[in-house]
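Here is a short tour of a protein model for you to follow on screen. Have the backbone torsions and the solvent accessibility to hand, and let's take a look.

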Amino acid sequence: PKIVSYYHPRYPFEAKARGIEGHVLLRFIVDKAGNVLNPQVVSAEPEGVFEQAALDTVTKYRLKPAIKDGKSVNTIVKLPINFILNDNYLRLAQR
């Protein structure tokens, strides 16, 4: 599958205010039409901070489905989503 419509995740307010960065690994199915189905969190660091924002974002994605023998097929995908603040914000948040 290939991402056609990508959306930046909403950075959780509390994490942004505290200068927290992290990542979430998601697992989901890309169906024959390119929709994201059944997204699940495989891992998250730190836990309990970014999971919902990652899930909310990935359900908005539209993808070009995988092709096998000339036909679209459902595919299981693992996708990391990183939550990184820019350097300027981190310097301000850590003061």
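Predicted model: local features only at pLDDT ≥ 70, side-chain atom pairs only at ≥ 80, totals over all residues.

**Thr57**
- Thr57 has a relative accessibility of 4%, so it counts as buried, the cut-off being under 20%.
- Beyond its neighbours within four places in sequence, Thr57 is in contact with Tyr7, His8, Pro9 and Arg10.

**Helix H2 and its cover**
- Six of the eight residues of H2 are buried, so the helix is mostly covered.
- Those buried residues are Glu51, Ala53, Ala54, Leu55, Thr57 and Val58.
- Their cover includes three strands: S2 (22-30), S3 (36-45) and S7 (75-83).

**Backbone torsions to look at**
- As background, most residues other than glycine have a negative phi, and most peptide bonds are trans.
- The peptide bond from Glu45 to Pro46 is cis, with omega near -5 degrees, and Pro46 has its place in the loop between S3 and H2.
- Asn38, in strand S3, is not a glycine, yet its phi is positive at about 55 degrees.
- With a relative accessible area of 47%, Asn38 is partly exposed.
- Asp69 is not a glycine either, and has a positive phi of about 55 degrees; its place is in the loop between strand S5 (66-68) and strand S6 (71-73).
- Asp69 counts as exposed, at 72% relative accessibility.

Note on methods: Residues numbered from 1 in each chain as written. Heavy atoms only, no water. Buried < 20%, exposed > 50% of the residue type's maximum accessible area, 1.4 Å probe, protein only. Contact = heavy atoms within 4.5 Å. Helix = DSSP H or I, 4+ residues; strand = E, 2+ residues; numbered from the N terminus.
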